[in-house]
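Here are my notes on the model you sent over. Have it open beside you while you read, and take the points one at a time.

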Amino acid sequence: MKPDLFTSPDYYNLDDLLNDEHKMVREATRSWVKKELSPIIEDAAQKSEFPKVLLKGLAEIGAFGPYIPEEYGGAGLDQISYGIMMQEIERGDSGIRSTASVQSSLVMYPIYAYGSEKQKKKYLPKLASGELIGCFGLTEPDFGSNPSGMLSNFKDEGNHYLLNGAKLWISNAPFADIAIVWAKNEEGRIHGLIVERGMEGFSTPETHNKWSLRASATGELIFNNVKIPKENLLPNKNGLGAPLGCLDSARYGIAWGAIGAAMDCYDTALRYAKERIQFGKPIAVKQLQQKKLAEMITEITKAQLLAWRLGSLRNEGKATSAQISMAKRNNVEMALKIAREARQVLGAMGITGEYSIMRHMMNLESVVTYEGTHDIHLLITGLDITGHSAF
Ligand code: TGC
Ligand code: FAD
């Protein structure tokens with residue numbers, strides 16, 4: 001892979017809207033990505049291996065629980081710093097951002113928001129330091145967009161719960177130490193349970209042959225009469241709103257993360273267009289290439305402003321789930337379109353691992369599907385503005 005020459009576009013001086021802490025977080029994350037992630041990511045993706053070597057660094061830069069309070073081991077940062085961190089990590093690779101998103105928003109957040117004090121003290125500091133890695137099991141083979149139909153269930157057996165069922169498409173499952181699993185009790189009410197690797201009847205087979213998110217490990221969670229200690233149930237929230245509340249936080253991170261992937265594709269295409277000579281001139285002088293590049297920076301700028309405003313609303317506790325859906329949907333589609341256009345600017349070179357564009361494009365095919373598909377987020381906006389559910 002070519003050396004990482006990334007220069008961040010900031011066409012509307014977004015920097016003026018950031019405080020010193022935001023800029024510090026960005027510089028620290030950006031330089032970690034350049035130094036540690038960029039040099040190894042293409043090889044990991046080609047080999048379809050999750051680069052575990054990055055876990056320690058992710059913990060050190062504060063990417064595990066950026067907004068979780070420091071008393072539980074988190075970085076205690078605001079929502080804009082969290083978003084910027086996701087942007088910079090996804091600038092490197094969506095799969096590595098996935099690992100950070102899952103650990104922070106889908107594992108640490110539910111323990112922090114719905115867990116007992118004992119659970120918070122037991123798990124959060126170790127998750128923040130990367131000593132424990134977690135995963136989040138909501139999706140099932142027959143229930144993806146419609147998780148309320150889930151079949152995973154647990155029974156009260158007196159001194160423990162007995163968990164049965166299966167989850168599919170679970171990021172980090174093959175190596176996670178713990179799983180936050182959503183399952184129904186005997187009354188059909190959804191609860192979160194902390195399932196630990198090593199519990200009898202719990203297995204996590206890996207899903208192979210993905211063309212997307214190849215540097216992220218994906219797998220199943222299978223529960224065959226797993227005895228779950230009663231103290232592992234998250235006590236403070238139940239119902240579908242509990243897992244969906246975690247998704248709000250992860251979807252918000254993706255709205256920023258996708259900008260990172262788009263910025264990397266744009267920056268690569270711009271540099272290539274200035275250097276690549278055809279018909280005796282750089283292709284950057286051609287109107288057709290300028291149209292592609294000008295549209296890319298326009299869309300990136302709009303997405304940056306959307307994400308920044310959403311972050312400000314979240315800092316004030318005012319962002320709605322529907323606003324988050326709009327930003328996730330818009331920004332991922334924007335990134336996917338830019339990846340496709342940028343690939344064309346590079347011609348044949350665009351399909352090789354010498355450049356990051358094709359990897360971003362393939363990764364974004366998962367990002368546009370997970371955490372709620374492109375269609376589902378549109379329907380969430382539709383419901384919000386009309387009052388009618390079209391699911
Ligand atoms: P509905 O009746 O609308 O809602 C049920 C209850 O949930 C509440 N609620 C929310 N609460 C918090 N945040 C949200 N975003 C919420 N949306 C809804 C709602 O108020 C209600 O509460 P209550 O108290 O009245 O019971 O539920 P529905 O069954 O009609 O479904 C709605 C729908 C389709 C929007 C929802 O099911 C959905 O979002 N589906 C998409 C599923 C999804 O996103 N799965 C993601 C799995 S995890 C993942 O992909 C991780 S990838 C990680 C990575 O690698 O980065
Ligand atoms: P389906 O729900 O079967 O949808 C198929 C198609 O139908 C889609 O185009 C969808 O938009 C459309 N559709 C569905 N319902 C409607 C409707 N009402 N109206 C119109 N169109 C509709 N899940 C987890 O729980 N944890 C994870 O860590 C996780 N990681 C993932 C990692 C990867 C790499 C991938 C690819 C997925 C991951 N997922 C995870 C699962 C992801 O959240 C689901 O794939 C997603 O929610 C969609 O579910 P589905 O794939 O079953 O598609």
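1. Let's start at ligand 2, where one of its oxygen atoms sits 2.9 Å from a polar backbone atom of Ser171. That is a polar contact, meaning a pair of N or O atoms within 3.5 Å; within protein, one must be able to donate a hydrogen and the other to accept it, and residues adjacent in sequence count only if both atoms are side-chain atoms. Taken alone, ligand 2 exposes 970 Å², and the protein buries 67% of that. These accessible areas come from the Shrake-Rupley method with a 1.4 Å probe, and for residues only the protein chains shown count as cover.

2. Before going on, remember that this is a predicted model: local features need pLDDT of at least 70, side-chain atom pairs count only at pLDDT 80 or more, and totals for chains, interfaces and linings use all residues. Residues are numbered from 1 along each chain as its sequence is written, chains are lettered from A and ligands numbered from 1 in the order in which they are written, and side-chain values use heavy atoms, with hydrogens and water left out.

3. What else holds a polar atom close to ligand 2? A polar side-chain atom of Ser145 lies 2.6 Å from an oxygen atom of ligand 2, and a polar backbone atom of Trp169 is 2.8 Å from a nitrogen atom of ligand 2.

4. Now look at ligand 1. A nitrogen atom of ligand 1 is 2.8 Å from an N or O atom in the Asp248 side chain, while a polar side-chain atom of Arg251 lies 2.8 Å from an oxygen atom of ligand 1. On its own ligand 1 has 1,100 Å² of accessible area, and the protein covers 69% of it.

5. Is Asn331 buried or exposed? Asn331 is buried, with a relative accessible area of 0% (buried is under 20%, exposed over 50%, partly exposed in between, using a 1.4 Å probe and protein chains only). Asn331 lies in helix H8, residues 321–345; helices are DSSP runs (H or I, at least four residues) and strands are too (E, at least two), numbered from the N terminus. A polar atom of the Asn331 side chain is 2.9 Å from the backbone oxygen of Ala255.

6. For contrast, find Leu17, in the segment before helix H1 (20–47). Leu17 is partly exposed, with a relative accessible area of 36%.
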